[in-house]
Amino acid sequence: MAIKVDTEKCIGCGACTGTCPVEALEIKDGKAAYKGDGCIECGACASGCPVEALSL
């Protein structure tokens, strides 16, 4: 299982991409997007999201 992005909540600030230790997220079309591999389910991105748009 990997991280889920709620695109309705995401504001595209990039906080999640900066906290992910394995760079599994990117900003695509103004929203956070899972790259499709590499997520280690550490929760760092979800903890760093100011609008709670990410969940495991």
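The model is a predicted one. Its C-alpha atoms fill a box of roughly 25 × 20 × 20 Å along the principal axes. The accessible surface comes to about 3,400 Å². Carbon and sulfur atoms account for 48% of that surface. Of the 56 residues, 27% count as buried.

Next, the fold. The chain has 2 helices and 4 strands. Read along the sequence, they follow the pattern β-α-β-β-α-β. Contacts also reach across the sequence. Take the contacts between residues at least 6 apart: 49% of them join residues at least 24 apart.

Charge comes next. The chain has 5 positive and 8 negative side chains. The centres of the two sets lie 2 Å apart.

Helix H1 spans residues 15–19, and Thr19 belongs to it. Is Thr19 buried, partly exposed or exposed? Its relative accessible area is 33%. Buried would require under 20% and exposed over 50%, so Thr19 is partly exposed. Which residues does Thr19 touch beyond its neighbours within four places in sequence? The contacts are Ala44, Cys45 and Gly48. Thr7 is another reference point. Thr19 and Thr7 are 12 residues apart along the chain, and their C-alpha atoms are separated by 18 Å.

Follow the chain out of H1. Glu23 sits in the loop between H1 and strand S2, which covers 25–28. Most residues other than glycine have a negative phi. Glu23 has a relative accessibility of 57%. That is over the 50% cut-off, so Glu23 counts as exposed.

Asp29 lies between S2 and strand S3, the latter covering 31–34. Asp29 is not a glycine, yet its phi is positive, at about 55°. Is Asp29 buried or exposed? Its relative accessible area is 77%. With the cut-off at over 50%, Asp29 is therefore exposed.

Thr19, in H1, is partly exposed and in contact with Ala44, Cys45 and Gly48.

Technical notes
Residues numbered from 1 in each chain as written. Predicted model: local features only at pLDDT ≥ 70, side-chain atom pairs only at ≥ 80, totals over all residues. Heavy atoms only, no water. Buried < 20%, exposed > 50% of the residue type's maximum accessible area, 1.4 Å probe, protein only. Contact = heavy atoms within 4.5 Å. Areas by Shrake-Rupley, 256 points an atom, 1.4 Å probe, with all protein chains shown as cover. Lys, Arg positive; Asp, Glu negative; His and termini not counted. Charge placed at Lys NZ, Arg CZ, Asp CG, Glu CD.
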